[in-house]
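Trainee: Could you walk me through reading a few features of a protein model?
Mentor: Gladly, let us look at it together.

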Amino acid sequence: MTDREEPNLGDEDKALPELCDLCGAVVADATEWYSVVQDSSVVHSVDPRLDGRRMVVGCSREHLTQLIEQYKDRPFVDAELWAGKISRAIDTHGGRISSEELTAETGLTEAQVKLGVLWQNLGALRWHQQFGGGSPESTEE
């Protein structure tokens, strides 16, 4: 970091080291292993073609294999992916988007949008119950 708390990117021509997604080991000698796995929690910031795909890095072939197996065991939940697509579209439009624009921009049907919103709301409710002191209806006075 610099004095202004801005990230220091260093020499742009020099590759930054990778971290193994399984053990966290630093791999700075270009011996890392890569794979792309399906993950419904991933929504690319600008490219919808990359939605639902996560690149994982292993410090060895064995660690990469373990990572791939972990993601094979994780369920791919369409509504989770749809919620991310909806959030990206809303953020892109500064929080103001019509339902017609939302379906056009996300490529989702109205039913998929409803399920994506429901998924997001259920996640928020679970978070609130776990960390926010109970159900949203309860008020502290």
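Predicted model: local features only at pLDDT ≥ 70, side-chain atom pairs only at ≥ 80, totals over all residues.

Trainee: In what order do the elements of the protein chain run from the N terminus on?
Mentor: Helices (H or I, at least four residues) and strands (E, at least two) are DSSP runs, numbered from the N terminus. Here the order is β-β-β-β-α-α-α-α, giving 4 helices and 4 strands.

Trainee: How many disulfides does the count come to?
Mentor: A disulfide is a covalent bond between the sulfur atoms of two cysteines. The rule asks for a pair of cysteine sulfur atoms within 2.5 Å, and the count is 0 disulfides. For Cys20, the nearest cysteine sulfur belongs to Cys59, 3.8 Å away. For Cys23, the nearest is that of Cys20, also 3.8 Å away.

Trainee: Is Cys20 buried or exposed?
Mentor: Buried means under 20% relative accessible area, exposed over 50%, and partly exposed in between (1.4 Å probe, protein chains only). Cys20 is buried at 4%, whereas Cys23 is partly exposed at 44%. Of the 141 residues in the protein chain, 23% are buried.

Terms used. Residues numbered from 1 in each chain as written. Heavy atoms only, no water.
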